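Here are a few notes on the aromatic rings, written as I went through the model. Have the structure open while you read.

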Amino acid sequence: MGEAEMKTNRIGRTDIEVTDVSFGGASIGNLYREVDDDDAHAVLQTAWDAGIRYFDTAPHYGRGRSEQRLGHFLAGRSGYRLSTKVGRLLSPSDHPIEQADGYVKPLQNDVVYDYSGDGIEASLEQSLERLGLDHVDIVYVHDLGRYTHGDHNDGHMEAFLSSGYDRLTQLKAAGRIGAFGLGVNECQVCLDVMDHGPIDVILLAGRLTLLDRSAEVELVPRCLAAETSLVLGGIFNSGILATGPVPDATYDYGRASPEIMDQVRDLQTRAEEQGMTLATAALLFAKRHKATSSLLLGTAKSKTLQRNLDALAKHSAQD
């Protein structure tokens with residue numbers, strides 16, 4: 001996929017445009033396995049050479065390691081868009097951390113959740129320092145909702161709606177950020193926040209995929225009506241749409257149930273009848289959906305990223 005072929009789409013009603021394929025930075029934060037600096041740089045270079053100009057990261061990804069690596073890669077470059085996330089504050093740890101939250105050898109930071117206005121602004125300032133920037137294009141409020149917090153979410157939602165949301169509107173008005181929204185794995189919290197006030201964009205993981213189309217019930221129509229953009233992550237539902245229904249296949253960060261395995265077998269058969277792999281069908285579903293502004297691909301392996309980009313290019317050429 002050549003650089004000139006990468007289409008862009010506008011985020012909400014802002015003047016920010018992002019490439020319709022984007023790079024997700026969780027894996028270069030050492031998600032599940034350690035990635036060295038050279039491999040992290042290589043996959044970012046593969047994305048850049050393919051024309052990807054929208055990159056997403058978060059303090060959560062390796063407790064700052066992904067932001068640090070991405071900031072180093074983008075230093076001196078121009079013409080890109082960048083998003084990071086707020087809701088977690090990092091502070092130096094007084095004990096060694098070998099693994100945390102699924103990340104191997106993260107930066108040596110402790111973490112606390114804080115969705116208040118002060119917490120959000122402090123989180124942003126920390127991220128800007130790690131990234132080496134004074135401005136970020138998009139800020140997502142990360143993991144707000146019951147999917148992550150369960151019964152503790154009421155307090156986090158109160159903090160966000162009482163001061164966090166207004167602080168983001170102020171930061172946007174001041175030009176510190178270009179747009180803001182939510183980065184979540186569930187639909188209901190998006191609807192709840194949209195009841196409170198408008199947001200520009202949602203990075204939605206796993207709820208608008210070939211396997212799980214639950215966002216189409218209420219969230220997609222709401223976003224289209226409000227001109228709230230959708231960036232789609234987790235399009236393989238944490239593995240099973242990439243691997244197929246193999247033994248120990250993962251769905252939403254856990255072992256897939258027999259019911260999910262049966263659904264995926266059916267999807268795989270239908271994809272093969274159309275002359276494509278299940279993974280390619282999952283990619284095309286997400287990229288071609290009418291609500292999609294950008295398809296987020298996250299991997300630390302250059303070959304994997306290139307294979308996905310090649311599959312998209314091949315089928316785009318056949319359209």
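1. Let's begin with Y115, which counts as buried because its relative accessibility is 1%, and the cut-off for buried is under 20%. Keep in mind that this is a predicted model.

2. How many aromatic pairs does the count come to? The answer is 8 aromatic pairs. In one of them, Y113 and Y115 have ring centres 6.4 Å apart and planes at 10°, so this pair is stacked. Planes have to be under 30 degrees apart for that label. Y113 is partly exposed, at 37% relative accessible area, whereas Y115 is buried.

3. Now look at Y165 and F180, an aromatic pair that is edge-to-face. Their centres are 5.5 Å apart, with 80° between the planes. This pair ties together distant parts of the chain: Y165 belongs to helix α5 (residues 153-173) and F180 to strand β11 (residues 177-184), and the two are 15 residues apart.

4. Are Y165 and F180 buried or exposed? Y165 is buried, with a relative accessible area of 7%. F180 counts as buried too, at 3% relative accessibility.

5. Next, find the aromatic cluster made up of F23, W48, F55 and F73.

Technical notes. Residues are numbered from 1 along each chain as its sequence is written. This is a predicted model: local features need pLDDT of at least 70, side-chain atom pairs count only at pLDDT 80 or more; totals for chains, interfaces and linings use all residues. Side-chain values use heavy atoms; hydrogens and water are left out. Rings of Phe, Tyr and Trp (its six-membered ring) pair if their centres lie within 6.5 Å; planes under 30 degrees apart count as stacked, over 60 as edge-to-face and the rest as tilted. Buried means under 20% relative accessible area, exposed over 50%, partly exposed in between (1.4 Å probe, protein chains only). Helices (H or I, at least four residues) and strands (E, at least two) are DSSP runs, numbered from the N terminus.
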